[in-house]
Amino acid sequence: MSGELISFDDLLADQTLDDMRSEMAAGSGGCSSSSCGSSAGPGDMPPEVWAKIKDHPCYSEEAHHYFARMHVAVAPACNIQCNYCNRKYDCANESRPGVVSEKLTPDQALRKVVTVANEVPQLSVLGIAGPGDACYDWKKTKATFEAVSKAIPDIKLCISTNGLALPDHIEELADMNVDHVTITINMVDPEIGTKIYPWIYYKHKRYTGLEASQILHERQMQGLEMLTERGILTKINSVMIPGVNDEHLKVVNAEVKKRGAFLHNIMPLISDPAHGTHYGLTGQRGPTHAELKSLQDACAGGANLMRHCRQCRADAVGLLGEDRGQEFTLDQLPDDVVYDAAKRDAYRQVVAKERGDHVAAKTRAIAELQQAADQAILVAVATKGGGRINEHFGHAREFQVYEAGPEGVKFIGHRKVEDAYCQGGFGEDATLDSVIKTLDGVDVVLCSKVGDCPKKDLAAAGISVTDEHAFEYIETAISGYYARHYAQSTQALSA
Ligand code: CLF
Ligand code: SF4
């Protein structure tokens, strides 16, 4: 079997390579500006920066169609308390709240990473995001990074931290070639911090109130500045907490930009009484989709925004919209495993070509849309990777949402579906209702297959759905759909 068949078979399970080739032949043409988590491409940044982000699914929006990350849960200890966290669960700064990961020793983590690298050719990044704080639980984080980079030298290392212990480890991070660090910064005003952090533990002492937030704030800023000085790319995560720091995050955005942050990822607070967190128990709500989008839009022009975060688990494996963690639990790992680079190498070669085609097709599609469009619409797409419309409506666990209009095609976020509509070959009415609610505000859904029943119910809710653009690149499909349905109706009206 050729490298191409191995990799695309994996990436696009229900599409043959011939389909892909004819698709490419039919759909290519011109480039793009929507590549970085920020929407930047190689032309918008120094080549050494582009080299660091081009295969990182979180730092490059375009890369998230092709490359996967995995987390290993080696760092359970934490040195602060956030009001949105219950320590029974994983760190909520870089993970979906209410989730418990399988904790690993550094040796077990190495076995897991090598096993995944042999099985998942898309793997490009190893992240440590808890389940506590990766910098506070430093010995295990460091031992894991050292062992993995020895076994798989080209894997990118990535770490997420609350920042309190970060300044103590920056030299070692730089020595280990860790190019990507995430700091969760929810405030730059310690008064606001008092509503988020009841205490911190610093230099063998517990601090509370304003003093705790002041120390945390200073350490976070110091850490960010030190990383910037060393050319380490830093992403800032912020949890948007309505009525607490929502307006203030605009100031955070400007302050972190000033200090060299590469990306700002504003995540919605997920607050559920069942998680037993302070916010969950006191009824603090999270933001709506519209509130989150409006804050992100208000930050435009500041630090570049990441909009494709999935708030993944501390033991997540796979492309950002999927989680293959259950295939690689400790009990399923072989005792002895040796890294084999063949699949990852073959995959990269195919992606290099596919990516060029995609960028060209995207540029042409966006230019055509910009000419034809006079109103913006929201389009939800069902995809399982590769930047294409290649998922059935009923199988989708999430929809990626794009705004299409005079400004072209802009990725604006994703909507998670609790349960896919199609369960064991049959559509579930109750599930469809919840999928329709999830799609609130969306004008059209593009997918690779859809049945008559969901079509009817979606139409009744004012949402169109079509599989006419199956397997096209996302931007090509959106532009084509717009041209036929919106540009035409506009022309008809003006005729
Ligand atoms: Fe992991 Fe985070 Fe690195 Fe990505 S996740 S440590 S930067 S490799 Fe990515 Fe997951 Fe969002 Fe994090 S989607 S939660 S931003
Ligand atoms: Fe929880 Fe993470 Fe905050 Fe620690 S830093 S309290 S693990 S959310």
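Hi everyone, let's start with one residue: Lys203 comes out at 64% relative accessibility, and over 50% counts as exposed, so Lys203 is exposed. Please keep in mind that this is a predicted model. Where does Lys203 lie? You'll find Lys203 in the loop between strand 6 (199-202) and strand 7 (205-208). Its backbone deserves a look too: Lys203 has a positive phi of about 50 degrees, although it is not a glycine. As background, most residues other than glycine have a negative phi.

Asn177 is another case, with a positive phi near 60 degrees in a residue other than glycine. Asn177 is in the loop between helix 6 (170-175) and strand 5 (180-184), and at 60% relative accessibility Asn177 counts as exposed.

Now over to helix 5, residues 138-151. Its 14 residues, at 1.5 Å a residue, should span 20 Å, and the end C-alpha atoms are 20 Å apart, so the two agree. Which residues of helix 5 are buried? They are Trp138, Thr141, Thr144, Phe145 and Val148. These residues cover an arc of only 135 degrees around the axis, which means they sit on the same side of helix 5. In general, an α-helix has 3.6 residues a turn, so residues three or four places apart point the same way. Lys139 and Lys150, on the other side of helix 5, are exposed.

Last stop, ligand 1, which sits in the largest cavity. How many residues surround ligand 1? There are 16, and the closest are Cys58, His71, Glu94, Cys158 and Cys312. By type, the shell around ligand 1 has seven nonpolar, five polar and four charged residues.

Key. Residues are numbered from 1 along each chain as its sequence is written. Chains are lettered from A and ligands numbered from 1 in the order in which they are written. This is a predicted model: local features need pLDDT of at least 70, side-chain atom pairs count only at pLDDT 80 or more; totals for chains, interfaces and linings use all residues. Side-chain values use heavy atoms; hydrogens and water are left out. A residue is near a molecule or strand if one of its heavy atoms lies within 4 Å of it. On a 1 Å grid over the protein atoms alone, a cavity is a set of points where a 1.4 Å probe fits but cannot get out, and a pocket is an open set with protein on both sides within 12 Å along at least five of seven lines; lining residues have an atom within 4 Å of a point. A molecule sits in a cavity or pocket if more than half of its atoms lie within 2 Å of its grid points. Ala, Val, Leu, Ile, Met, Phe, Trp, Tyr, Cys and Pro count as nonpolar, Asp, Glu, Lys and Arg as charged, and the others, Gly among them, as polar. Helices (H or I, at least four residues) and strands (E, at least two) are DSSP runs, numbered from the N terminus. The expected span of a helix is 1.5 Å times one less than its number of residues. Buried means under 20% relative accessible area, exposed over 50%, partly exposed in between (1.4 Å probe, protein chains only). The arc is that of the directions from the helix axis to the C-beta atoms.
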